[in-house]
Amino acid sequence: MNITILGPGAIGSLYAYKLHQAGHRVSVWGRSPQDTVVIELDGGSAIHFPNCDVTSLKASDLVIVTLKAWQVELALKPLLKHLNSDAILLFLHNGMGTVEHLATAINHHPVLLGTSTHGALRLSSSQVRHTGLGQTFIGPWNDKGSRCSFIADVLDHAFKPVAWNSEIQTALWSKLVINCAINPLTAINNCQNGGLAHKDYQQQIAMVVREATECANQVGVVLKAEEMLDTVYKVIHATAQNYSSMHQDIYNKRQSEIDYITGYVVSISKRYGIAVPTNLALYHQIKQIESSWNQHD
Ligand code: KPL
């Protein structure tokens, strides 16, 4: 397939590399001013990808959006005019709430949403390390998307395990709860995901999970708090060496995805009148860190 990765950060680079290795024609669309982006995964050989190449974009059968949630709307809108109307859009980023903003602009495309628990770390402008083996679920956002389950097989062949999930909202909420529990805490406490296994965080993690799960239940997504807590600890252990994406953003003083992770839960809690004090406190802590840069830099 002709595939464009919009946002070749750590996770985007991982997919670009694996899809290229599986024989697809992959290009990337990133911020680099160069015509080519070089990616080396886990010390393997360097692969050169065309970057910001309109001809490749026009030929794309599949566009995988791996941007930060807050970048999606601004970056994707100007590119839509180049895409064939059959081009499949797969949104594969942390957090929720982005696609709703683009609904009218993208609804004529088959649209898929996905979620992944892989961990990846960018070591330099070209080197990427796969730090945590995870799994990917993709599923339909619209009717045209529901006819594209073959994309799960394509991705699974390149980068196992990928599964089709027609109830993708449940998978997205499940990932959202995981991110609400791990991301702000690792960023605030400057630790790897594994650091959260310490008993000091036990109560806070349990509260975050309980509150976020209640919000999911209110919007009709059935998740059980106890099962979610179990899953959160599994991810903490499986990605113990990983620095969460929010840790990496805050550490490097880059805008985080807090508005689309904890902020999304807070917005749902307001809509339904649910108390989410632990999530709200973490939300404000991250916002405070972010605004402190603007004041001092
Ligand atoms: O999604 C992640 C992230 O860092 O954003 C997890 C699963 C927590 C892995 O680090």
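**A helix and its surroundings**

Guide: Helices α7 and α8 lie oblique to each other, a class left over once angles under 35 degrees are called roughly parallel, over 145 roughly antiparallel and 65 to 115 roughly perpendicular. The model is predicted, with local features requiring pLDDT of at least 70 and side-chain atom pairs pLDDT 80 or more, while totals for chains, interfaces and linings use all residues. Residues are numbered from 1 along each chain as its sequence is written, and side-chain values rest on heavy atoms, without hydrogens or water.

The partner helix α8 covers residues 225–238, and its axis runs 9 Å from that of α7, at an angle of about 130 degrees. (Axes are fitted to C-alpha atoms, for helices over the stretch in contact; angles run from 0 to 180 degrees between N-to-C directions. Helices, H or I of at least four residues, and strands, E of at least two, are DSSP runs numbered from the N terminus.) On the α7 side, the contact (heavy atoms within 4.5 Å) is made by Gln 202, Ile 205, Ala 206, Val 209, Arg 210 and Thr 213, which meet Ala 225, Met 228, Leu 229, Val 232, Tyr 233 and Ile 236 of α8. Nine of these residues are nonpolar, two polar and one charged. (Ala, Val, Leu, Ile, Met, Phe, Trp, Tyr, Cys and Pro count as nonpolar, Asp, Glu, Lys and Arg as charged, and the others, Gly among them, as polar.)

A further neighbour of α7 (residues 202–218) is α10 (residues 262–272): the two axes come within 10 Å and cross at roughly 60 degrees. That angle makes α7 oblique to α10 as well. Here Ala 212, Cys 215 and Gln 218 of α7 meet Val 265, Ile 268, Ser 269 and Tyr 272 of α10. This contact comprises five nonpolar and two polar residues, with no charged residue.

Asn 190 has a phi near 50 degrees, a positive value in a residue other than glycine. An unreviewed UniProt entry assigns residues 168–290 to the feature "domain: Ketopantoate reductase C-terminal"; such annotations may be inferred rather than shown by experiment, and their positions follow the numbering used here, with feature names shortened. That span is 68% helix and 0% strand, with 31 Å between its end C-alpha atoms.

Another loop, between α5 (150–158) and β11 (162–164), contains Pro 161. The peptide bond joining Lys 160 and Pro 161 is cis, with omega about -10 degrees.

An open sheet of four strands has the order β4-β3-β9-β8 and mixed pairing, where two strands pair if DSSP finds at least two bridges between them. At its edges, β4 (47–50) and β8 (119–122) each pair on one side only. Neighbouring strands of the sheet are turned against each other by 35 degrees on average, direction ignored. Strand β9 (residues 127–132) runs antiparallel to β8, to which four bridges join it; Arg 129 of β9 is the bridge partner of Leu 121. Helix α1 (residues 10–21) packs on this sheet, touching β3 (36–41), β4, β8 and β9, and its direction makes about 85 degrees with that of β3.
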